[in-house]
Amino acid sequence: QRFIQKGGTIAWRIVPTFGFTGSETIEDLSERLRKGLAKLYALGLDPGQVARQSLITPACGMGTMEPAGAERVLGLLRGLSERYNPGL
């Protein structure tokens, strides 16, 4: 709570890179994000503040991925971002 209240930003690392199968979907990732957000809201954090101070990112390790897999990860990230930020 203090981290967010003091202006910290959460990088969600929502798209897996290690063990990426290619079968991951925007719906799966959206559900994972919703669960994480729900935990913060349960602590009493303001949803608007959490949204302003959040980034959705791939997990570390994209540099070791094959180009096609890395492109798929970035595509999922874009799709998820567009779902939460229409008109992006």
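Student: Does helix 2 pass helix 4 in a left-handed or a right-handed crossing?
Tutor: This is a predicted model, where local features need pLDDT of at least 70, side-chain atom pairs count only at pLDDT 80 or more, and totals for chains, interfaces and linings use all residues. Residues are numbered from 1 along each chain as its sequence is written, and side-chain values use heavy atoms, leaving out hydrogens and water. A crossing is left-handed if the near helix is turned anticlockwise from the far one by less than a right angle, and right-handed if clockwise. Helix 2 (26-42) passes helix 4 (67-84) in a crossing that is right-handed.

Student: Why is helix 2 oblique to helix 4?
Tutor: Axes are lines fitted to C-alpha atoms, for helices over the stretch in contact, with angles from 0 to 180 degrees between N-to-C directions. Under 35 degrees is roughly parallel, over 145 roughly antiparallel, 65 to 115 roughly perpendicular, and the rest oblique. Here the axes come within 10 Å and cross at roughly 60°. That makes helix 2, relative to helix 4, oblique.

Student: How many charged residues are in the contact of helix 2 with helix 4?
Tutor: Contact means heavy atoms within 4.5 Å. Ile26, Glu27, Leu29, Ser30, Leu33 and Arg34 in helix 2 meet Leu76, Gly79, Leu80, Arg83 and Tyr84 in helix 4. Sort them with Asp, Glu, Lys and Arg as charged, Ala, Val, Leu, Ile, Met, Phe, Trp, Tyr, Cys and Pro as nonpolar, and the others, Gly among them, as polar. The tally for this contact is six nonpolar, two polar and, for charged residues, three.

Student: What covers the buried residues of helix 4?
Tutor: Buried means under 20% relative accessible area, exposed over 50%, and partly exposed in between (1.4 Å probe, protein chains only). In helix 4, the buried ones are Gly69, Ala70, Val73, Leu76, Leu77, Gly79, Leu80 and Ser81. Their cover includes helix 2.

Student: What pattern does the chain follow along the sequence?
Tutor: Helices (H or I, at least four residues) and strands (E, at least two) are DSSP runs, numbered from the N terminus. The chain has four helices and two strands. Read along the sequence, the pattern is α-β-α-α-β-α.

Student: Which residue has a positive phi although it is not a glycine?
Tutor: Look in the loop between strand 1 (10-11) and helix 2. With a phi of about 45°, the non-glycine in question is Arg13.

Student: How far apart in space are Gly61 and Pro47?
Tutor: Gly61 sits in the loop between strand 2 (54-55) and helix 4. The two are 14 residues apart in sequence, and C-alpha to C-alpha their separation is 29 Å.

Methods
Expected span 1.5 Å × (residues − 1).
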